[in-house]
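Please look over the structure shown here before reading on.

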Amino acid sequence: MSSVAWNPAGTRIVSGSYDNTLRIWESRLDEALPMWQAAPLRHSQQEKAAETHRLKEKIDDLFAEHVFVESVLEALRTDPDLSDADRQEALQLAPAREIYLDPDDFNDKAWALVDPDREDKDTDVALALRLTRMAIEIAPENSNLLDTHAWALFANGLHAEALTASALALELAPGDDKDDYQGYVDRMRSLIEAAAALPAEAGTPR
C-alpha cells in the first residue's frame, strides 16, 4: 500500500497500492469492498514502449557482465530495484535477448583463460570452452573464434577435437593470415606430441 485517503464522512477509505490498483474500504468493518477494486492503471503505449526498451538495455548490460542466460535470470530475480511487474517482464524478455550477444566478447573472455602464453595456468578452462562453443554457435565460420575454440579444446585435454578445430580455422582464415594460422596448427600439434611423451601422471601442459 502506497497511499490512503478518507471520505468526508470518515466511513470509507480509499487505498492506492504499488501494483497500480485502488481499493475502497469500509472503515467500520476494516475490510475491502471487492466490487470497488479498480483495474490496474494503464500506461500509454509510448510509456510502455520506453519501459520495455529500458528493460532490454538492462538485460543486455547483465549479459555483458554475467554472460550466461541462467546467471542473468538469477540477477533479475534478485534485483531489488525492479518492481514485480518489471521483473516478470524482464524474465520473459531475457532468453530472447541472448541472440544479441557479441561472439567477440565471448572470444575475448575465453582467450584470456586458454592463451598458451598466459602466465596464470590455473584458469577456468571449462568456462572457456563453454564460451567458445557459444561464440562459434553464433558465428561458425569465423576463423578467429575457431582458433580460440581449438585452444579451449586443447586446454581441456580434447586434443583430437582441438586439431580438427585448428585445421578448420586455418581453412577459413583470410589468405593474408594463413601463414599465422598454420603456425598455430603446428604449435598445437607440437604441444600435443610433447604431452603424449610425458608420463601419464604429469597431465596435459597448458
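Which residues of α8 are buried? In this predicted model, Tyr181, Val185, Met188, Ile192 and Ala195 of α8 are buried, where buried means under 20% relative accessible area, exposed means over 50%, and partly exposed lies in between, with a 1.4 Å probe and protein chains only. Residues are numbered from 1 along each chain as its sequence is written. Because the model is predicted, local features need pLDDT of at least 70 and side-chain atom pairs count only at pLDDT 80 or more, whereas totals for chains, interfaces and linings use all residues, and side-chain values use heavy atoms, with hydrogens and water left out.

**The chain as a whole**

- The protein chain contains eight helices and four strands, these being DSSP runs numbered from the N terminus, with H or I over at least four residues for helices and E over at least two for strands.
- Along the sequence, the elements follow the pattern β-β-β-β-α-α-α-α-α-α-α-α.
- The chain has 206 residues, of which 35% count as buried.
- Among contacts with a separation of 6 or more, 44% are between residues 24 or more positions apart, a contact being heavy atoms within 4.5 Å.

**Helix α8**

- Helix α8 spans residues 178–197, and its 20 residues reach 29 Å from the first C-alpha to the last, close to the 28 Å expected at 1.5 Å a residue; the expected span is 1.5 Å times one less than the number of residues.
- The buried residues of α8 are Tyr181, Val185, Met188, Ile192 and Ala195.
- Seen down the helix axis, these buried residues of α8 fall within an arc of 90°, so they line one face, the arc being that of the directions from the helix axis to the C-beta atoms.
- On the face of α8 turned away from its buried side are the exposed residues Asp179, Glu193 and Ala197.
- The cover over the buried residues of α8 includes α6 (143–155) and α7.

**Helix α1 and its neighbours**

- Helix α1 runs over residues 45–66, and its 22 residues reach 31 Å from the first C-alpha to the last, close to the 32 Å expected at 1.5 Å a residue.
- Thr52, Leu55, Ile59, Leu62 and Phe63 are buried in α1.
- The exposed residues Gln46, Asp61 and Glu65 sit on the face of α1 turned away from its buried side, while the cover over its buried residues includes α2 (69–77) and α3 (84–97).
- The axes of α1 and α2 come within 9 Å and cross at roughly 125°, where axes are lines fitted to C-alpha atoms, for helices over the stretch in contact, and angles run from 0 to 180 degrees between N-to-C directions.
- Residues of α1 including Thr52, Leu55, Ile59 and Phe63 meet residues of α3 including Ala90, Leu93 and Ala94.
- Just after α1, Val67 takes a positive phi of about 75°.

**Helix α6**

- Helix α6 has 13 residues and reaches 18 Å from its first C-alpha to its last, close to the 18 Å expected at 1.5 Å a residue.
- Because 12 of its 13 residues are buried, α6 is largely enclosed by the rest of the structure.
- The buried residues of α6 include Leu145, Leu146, His149, Trp151 and Phe154, and what covers the buried residues of α6 includes α4 (103–114), α5 (125–138), α7 and α8.

- Ser166 lies in helix α7, which covers residues 159–172, and at 1% relative accessibility Ser166 counts as buried.
- Leaving aside residues up to four places away in sequence, Ser166 touches Ala150, Tyr184, Val185 and Met188.
- Thr164 is also found in helix α7, but Thr164 is exposed, with a relative accessible area of 56%.
- Thr164 and Leu153 are 11 residues apart in sequence and 10.0 Å apart in space, C-alpha to C-alpha.
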